[in-house]
Amino acid sequence: MTRDERIEAYVKAHAYERSTAFVLALVLGPIGYLYANPWGGVIMLGLIFGAAGLFLPLGMVMAVICWLTAVIMAPIDVKNRNEQIRARAQLLAGGD
């Protein structure tokens, strides 16, 4: 197996799907965003529940903002994560 084949096999085994991230965020909002960025999803959920605890209409506005942000950011975060996975694979494959 060549170096490039090892890299591609590693990336294929560990990469996330951008389309899956988009659909999960579209359907589930910040909960679906947890697939793409676990900490980002937790922060968004905290913002929503925190705002709703202070003032319910503010919580609803925050939920819409976080939902839209999750839909936009999920594919971007997966792309960045996959680039990190590819870089890790190149390091693990060694040589050049």
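1. The largest nonpolar core has 11 residues in all: Ala-21, Ala-25, Tyr-33, Ala-36, Met-44, Ile-48, Cys-66, Ala-70, Val-71, Ala-74 and Val-78. A nonpolar core is a set of buried Ala, Val, Leu, Ile, Met, Phe, Trp, Tyr and Cys residues joined through side-chain atoms within 4.5 Å. Buried means under 20% relative accessible area (1.4 Å probe, protein chains only). At least two core residues come from each of helix H2 (18-28), helix H4 (38-54) and H5. H5 gives the largest share, five residues.

2. This is a predicted model; local features need pLDDT of at least 70, side-chain atom pairs count only at pLDDT 80 or more, and totals for chains, interfaces and linings use all residues. Residues are numbered from 1 along each chain as its sequence is written, and side-chain values use heavy atoms, with hydrogens and water left out.

3. Look at Met-44. Beyond its neighbours within four places in sequence, Met-44 is in contact (heavy atoms within 4.5 Å) with Pro-30, Tyr-33, Cys-66, Thr-69 and Ala-70. Another core, of six residues, lies apart from the largest one; among its members are Ile-7, Ile-85, Ala-89 and Ala-93.

4. Now the helix pair. Helix H1 (residues 3-14) packs on helix H5 (residues 56-93) at an angle of about 140°, with the axes 9 Å apart.

5. Which residues of H1 meet H5? In H1 they are Arg-3, Arg-6, Ile-7, Glu-8, Tyr-10, Val-11 and His-14. The H1–H5 contact has seven nonpolar, two polar and five charged residues.

Key
Axes are lines fitted to C-alpha atoms, for helices over the stretch in contact, and angles run from 0 to 180 degrees between N-to-C directions. Helices (H or I, at least four residues) and strands (E, at least two) are DSSP runs, numbered from the N terminus. Ala, Val, Leu, Ile, Met, Phe, Trp, Tyr, Cys and Pro count as nonpolar, Asp, Glu, Lys and Arg as charged, and the others, Gly among them, as polar. Buried means under 20% relative accessible area, exposed over 50%, partly exposed in between (1.4 Å probe, protein chains only).
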